Amino acid sequence: MSDSALRAWQVVLERIETDLREGRLSPGERLTPERELAAQLGVGRSSVREAIRVLEVLGVVRTATGSGPSSGAMIVTTPRGGLAAFLRLQVAASGFPLGDVVRTRIVLECDVAETLAGADADLTEIRGILDAMDAAALDRDEFLALDARFHQALAEASGNAVISAMMAGLRSSIESYTRAGAAMLEDWDETSRRLRAEHRGIVQAVADGDAAAARDRVHAHIAGYSAQVADALRRRGAGVDAA
């Protein structure tokens, strides 16, 4: 997946924000249908769906399934700085030091795991993502796209709109280092198996109501992968120097 494709859903968000700011969209009106909006902006329909997910997290739209007049995404409120702040975070995140992004992820996602373990959270979507990640034909980019969705879905399930928005705002930065790191790892098959097992362990701890285990497993999962990537970078650097 190209770098431009990774940012396609941001193009959709920026278009909707502009339409809201300039009065072309207002509460009570429906967004342009998914297929039409994708064609207008030259992006995939999956990018439109991802942008709408973010808008739901921010409380800007409400969606309804079906094919009738009440289906699709409807604007329910004009964002009071939330969407603009989210977009500013997206831009800023591209320049954040990797270590800061990783530490922020750990703080946010450990809190999410602890919260979910203490609540009767609906894990149906999250388990569905894990099942999709088990598909034998999944390539590395597809796996990482589902990985990003898994972590975002956990944040959304917590019900904390601020954490959900912050995670979404950091998403491009997170995807950049996870994707770059995966490309450098010598045994991706083994790494992906480990990551799948860690995901299952996190969800099991949440389902068991074990907040301490859920928190510890999230911390180990994020810190472990980032350390693996950092080690691969160091070894690659040493190899270049030696050559």
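In this predicted model, helix 7 (residues 124-133) and helix 11 have axes that come within 11 Å and cross at roughly 160°. An angle over 145° counts as roughly antiparallel. Helix 7 and helix 11 are therefore roughly antiparallel to each other. The crossing of helix 7 past helix 11 is left-handed.

Helix 11 (residues 188-208) also takes part in a link to helix 8. The structure holds one aromatic pair. Its partners are Phe143 and Trp188, arranged edge-to-face. Phe143 belongs to helix 8 and Trp188 to helix 11, 45 residues apart, and the pair thus joins distant parts of the chain. Phe143 and Trp188 are both buried.

The two geometries are set out below.

| Pair | Distance | Angle |
|---|---|---|
| Helix 7 and helix 11 | axes within 11 Å | roughly 160° between axes |
| Phe143 and Trp188 | 5.4 Å centre to centre | 85° between the planes |

Helix 8 itself covers residues 140-157, 18 residues in total. From first C-alpha to last it reaches 26 Å, close to the 26 Å expected at 1.5 Å a residue. Just after helix 8, Gly159 adopts a positive phi of about 80°.

Technical notes. Residues are numbered from 1 along each chain as its sequence is written. This is a predicted model: local features need pLDDT of at least 70, side-chain atom pairs count only at pLDDT 80 or more; totals for chains, interfaces and linings use all residues. Side-chain values use heavy atoms; hydrogens and water are left out. Helices (H or I, at least four residues) and strands (E, at least two) are DSSP runs, numbered from the N terminus. The expected span of a helix is 1.5 Å times one less than its number of residues. Rings of Phe, Tyr and Trp (its six-membered ring) pair if their centres lie within 6.5 Å; planes under 30 degrees apart count as stacked, over 60 as edge-to-face and the rest as tilted. Buried means under 20% relative accessible area, exposed over 50%, partly exposed in between (1.4 Å probe, protein chains only). Axes are lines fitted to C-alpha atoms, for helices over the stretch in contact, and angles run from 0 to 180 degrees between N-to-C directions. Angles under 35 degrees count as roughly parallel, over 145 as roughly antiparallel, 65 to 115 as roughly perpendicular and the rest as oblique. A crossing is left-handed if the near helix is turned anticlockwise from the far one by less than a right angle, and right-handed if clockwise.
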